[in-house]
Amino acid sequence: MNNTMEKTIGQLVAEDYRIAQVFKAHNIDFCCKGNRTLTEIITKKGLDLEILLEELASVRSKDLDDQPDFKTWPLDLLVDYIEKKHHRYVEKQIPVLQQYLNKLCKVHGGRHPELFHILKEFNTSAGELAMHMKKEELVLFPWIRKMVNAPTGTDTLEIPNFGTVKNPIQMMMQEHDNEGDRFRKISELSDTYTPPTDACNTYRVAFSLLQEFEEDLHRHIHLENNILFPKSEQLEKSLLNN
């Protein structure tokens, strides 16, 4: 128990992603704000410690599914996975969701003006995420790959123009926080992605896809904030000390 209490929720989810469902049920942000301990969360949210620990233990007691153990992956493999799985998903789904949301605003916006606010927030997120992913793909991820290859002599390790990997990581984490806040607002505007009683099938599909997009973003941010970034900082430190 003490070991659990001392770890951040980001570390706990990195060890077993299944427990993310417990944090989601209590509206606890395990990705953007994964640097908090259980003690901090319980104090802030007024949760029952025993109940929370029982829920975590219940999830952990179940047989492991096919969820990959990302924390054991080489960093270059993890970077490739994030690009191919999550970056491509975002690029593919943004125009799909924009088409749906634009249609909803035209057809249902008169009765549901919150749709215009949802569209505005999503469009802002689309632009920010596009720039964010490019910075990762062109600046941060190549440096991580260089660090992985440095011990083998495949790449020559020279100090990058951004100084240390902590600098782009801090920028990426701030941008993660911004998108986390934006999607919390979208979730509130959509009543946690609950279609109104007069919603048509298009309305329901759009909200379902929007919720799926947020869930994928949470997994995406979790992999970076709680696994990739800390391990990248550790790798750089070990390379510089040798």
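Is Tyr203 buried or exposed? In this predicted model, Tyr203 is buried, with a relative accessible area of 1%.

The chain is built from nine helices and zero strands. Followed along the sequence, these elements give the pattern α-α-α-α-α-α-α-α-α. Along the principal axes, the C-alpha atoms fill a box of roughly 65 × 45 × 30 Å. The chain has 242 residues, and buried residues make up 45% of them.

Helix α7 spans residues 114-149, and its axis comes within 10 Å of the axis of α8, with a crossing angle of roughly 160°. Angles over 145 degrees count as roughly antiparallel, and α7 and α8 are therefore roughly antiparallel to each other. Their crossing is left-handed. The contact of α7 with α8 comprises 11 nonpolar, five polar and nine charged residues.

Helix α8 (residues 166-189) also packs against helix α9 (residues 201-241), where the axes come within 11 Å and cross at roughly 160°. By the criterion of over 145 degrees, α8 and α9 are therefore roughly antiparallel to each other. Here too a left-handed crossing is found, as α8 passes α9. On the α8 side, the residues that take part are Lys166, Ile169, Met172, Met173, His176, Glu179, Phe183, Arg184, Ile186 and Ser187. They meet Leu210, Phe213, Glu214, Leu217, Ile221, Glu224, Asn225, Phe229, Ser232, Glu233 and Glu236 on the α9 side. Sorted by class, the residues of this contact comprise 10 nonpolar, four polar and seven charged.

The aromatic residues provide a further view of the packing. A pair of aromatic rings is described by the distance of the centres and the angle of the planes. The structure holds nine aromatic pairs. One of them joins Tyr89 and Phe213, whose rings lie 6.0 Å apart from centre to centre, with 35° between the planes, in a tilted arrangement. This pair links distant parts of the chain, since Tyr89 belongs to helix α6 (residues 75-108) and Phe213 to helix α9, 124 residues apart. Buried residues are those under 20% relative accessible area. Tyr89 therefore counts as buried at 16%, and Phe213 is likewise buried, with a relative accessible area of 1%.

A second pair is formed by Tyr203 and Phe207, whose ring centres are 5.1 Å apart. Their planes stand at 65°, so the pair is edge-to-face. Both residues lie in helix α9, four residues apart, which is about one turn of the helix. Tyr203, at 1% relative accessible area, is buried, and Phe207 also counts as buried, at 3% relative accessibility. Aromatic residues also gather into a group: Tyr89, Phe122, Phe183 and Phe213 form one aromatic cluster.

Residues up to four places away in sequence being left aside, His86 touches Tyr81, Asp216, Arg219, His220 and Leu223.

The loop between α8 and α9 presents a contrasting setting. Asp191 is located in this loop. The phi angle of Asp191 is positive, at about 55°, although this residue is not a glycine. Thr192 is found in the loop between α8 and α9 as well. Phi of Thr192 is near 55°, again a positive value in a residue other than glycine. Residues over 50% relative accessible area count as exposed. At 51% relative accessibility, Asp191 is therefore exposed, and Thr192, at 51%, is exposed too.

Methods:
Residues numbered from 1 in each chain as written. Predicted model: local features only at pLDDT ≥ 70, side-chain atom pairs only at ≥ 80, totals over all residues. Heavy atoms only, no water. Axes fitted to C-alpha atoms, helices over the stretch in contact; angles between N-to-C directions. Helix = DSSP H or I, 4+ residues; strand = E, 2+ residues; numbered from the N terminus. Parallel < 35°, antiparallel > 145°, perpendicular 65-115°, else oblique. Left-handed = near helix turned anticlockwise from the far one by under 90°. Contact = heavy atoms within 4.5 Å. Nonpolar A, V, L, I, M, F, W, Y, C, P; charged D, E, K, R; others polar. Phe/Tyr/Trp six-rings, centres within 6.5 Å; stacked < 30°, edge-to-face > 60°. Buried < 20%, exposed > 50% of the residue type's maximum accessible area, 1.4 Å probe, protein only.
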